[in-house]
Amino acid sequence: MRQSQLFTKTMKQDPQGDSAINAILLQRAGFVDKVMSGVYTFLPLGNRVLSKIEQIIREEMNRASGQEILMPVMHPRKNWEQTGRWKSMDVLFRFTSYYSKTDLVLGPTHEEIVAPLLKKYIYSYKDLPQYVYQIQTKFRDEIRAKSGLLRGREFRMKDLYSFHTSQEDLDRYYEVMVQAYKNVFERVGLGKITVLTFASGGTFSKYSHEFQTLLDQGEDLIYLCEKCMVGVNREIIHEQNSCPNCGDKNLKESKASEVGNIFKLGTKYSLPFELKYKDEKGIEKDVFMGCYGIGPSRTMGVLVEAFHDDKGIIWPESVSPFKFHLLCLDKEVIKQAENLYKQLLKRGAEVLFDDRVDISAGEKLVDSDLIGITNRIVVSKKTIDKKMIEIKKRSAKRAELIKEKELFSKI
């Protein structure tokens, strides 16, 4: 892609009214545009990052036997009344249809849709287990939307729901999903700083589990066992004041940001919708459910919080909007830069080519650091005279000069 064709621009100054690092850098670098508090437009660069995160999640959910569906955003009031959450959930966006006069909900989660959906297809034990997921836009009327993409009123969510004949089978698949989540966070670049954290199970079970990314500026507080890299959420530290894995009571207080959570729902949502199956003897039994959520947009914000410096964002390669940022610093060598761009594209490389002619070399370098693409390639009169190409990892302090053939071997 040619940078001259991007309709977006970088910003020299921080946007007003934002203090979160991800909100500031994503807007300044041209990844998102803030429409209002908690609501963002994902611009071309931002949409590429979001799509890559979602594709990694999709691949891991498919590997865990998930079947992708897409459920509606609008839900009928009666479904939420059946579970009792029409009145009890305070973040619901409720509205009334002008024509039909029916009350509706903008979905913050989809148990009220997926349970009656699977009821149409589950009859006997032979139909179980089942695993369905979606990547969908969710809506929550947060009292105070804050921290950029970390707490929004409209956001992206992957939610997978599992359906089982027994608690034992639910427990088995729960561990499959724990590993699937670890795979996701490893692939997006957060694996080394994201820990499985024990949290309250609410009305579902004794515990649920969160995946918390350790950040100095994180909005959550957890207590970490550094031996096992397992955490305990502060909400349950009084009842669980030791490591759930090894029993060590020497837990370190740490700040973190949640990027995923998983719950054993049991029969909480199958009961209201009479979601049952017949066992081998023809006896009707309740279906056991689990739910598993990851916020792709929230993950994008956490990545920026985790990987940045005073110059801008530092994207992990797996989610970087492009693999290479090609900069032409001198007009005299634009033809050579154009030829290199075409050669990279021919070899299937993802390249953002800064071909802008009305921007100084210094401005291009500053923009490149701000945008944070993993690898920067510089073509200049100086490099061409040496018959070399300058390449630099965004995370590295120094650049190196290499031959064109060496560059192509890195694709």
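Predicted model: local features only at pLDDT ≥ 70, side-chain atom pairs only at ≥ 80, totals over all residues.
1. The buried residues of helix α7 are P296, S297, R298, T299, M300, G301, V302, L303, V304 and E305. That is ten of the eleven residues of α7, so the helix is largely enclosed by the rest of the structure.

2. On the α1 side the contact is made by I21, N22, L25 and L26, and on the α7 side by M300, G301, V304 and E305. By class, the residues of this contact are five nonpolar, two polar and one charged.

3. Strand β11 (residues 220-225) is also largely enclosed by the rest of the structure, because six of its six residues are buried. Side chains in a regular strand alternate between the two faces of the sheet. In β11, D220, I222 and L224 point one way, while L221, Y223 and C225 point the other way, and all are buried.

4. Strand β11 has antiparallel pairings with two strands, β13 and β12. Five bridges join β11 to β13 (residues 252-266), and Y223 has E253 as its bridge partner there. Four bridges connect β11 with β12 (residues 230-233), where I222 stands opposite N233. The hairpin of β11 and β12 has four residues between the strands, and M229 takes a positive phi near 55 degrees in it.

5. How far is the sulfur of C225 from the closest cysteine sulfur? The distance is 3.6 Å, to C243, which is too far for a bond; the cut-off for a disulfide is 2.5 Å. The disulfide count by this rule is zero. C225 is buried, with a relative accessible area of 1%. Another cysteine, C291, is buried as well, with a relative accessible area of 9%.

6. An open sheet of five strands with mixed pairing has the order β20-β19-β21-β22-β23. Its edges are β20 (351-354) and β23 (400-402); each has a single partner strand, so one side of each is left without a neighbour in the sheet. Neighbouring strands of the sheet are turned by 25 degrees against each other on average, direction ignored.

7. Within that sheet, strands β21 (residues 375-379) and β22 (residues 389-393) run antiparallel and are joined by four bridges. N375 has K393 of β22 as its bridge partner. Helix α8 (residues 334-346) lies across β19 (324-328), β20, β21 and β22, and runs at about 170 degrees to β20.

8. Some backbone geometry deserves a check. The peptide bond joining L128 and P129 is cis, with omega about 0 degrees. P129 is found in the loop between α5 (111-119) and β7 (130-139).

9. K387 lies in the loop between α10 (381-385) and β22 and is exposed, with a relative accessible area of 67%.

Conventions:
Residues numbered from 1 in each chain as written. Heavy atoms only, no water. Contact = heavy atoms within 4.5 Å. Nonpolar A, V, L, I, M, F, W, Y, C, P; charged D, E, K, R; others polar. Pairing = 2+ DSSP bridges. Axes fitted to C-alpha atoms, helices over the stretch in contact; angles between N-to-C directions. Buried < 20%, exposed > 50% of the residue type's maximum accessible area, 1.4 Å probe, protein only.
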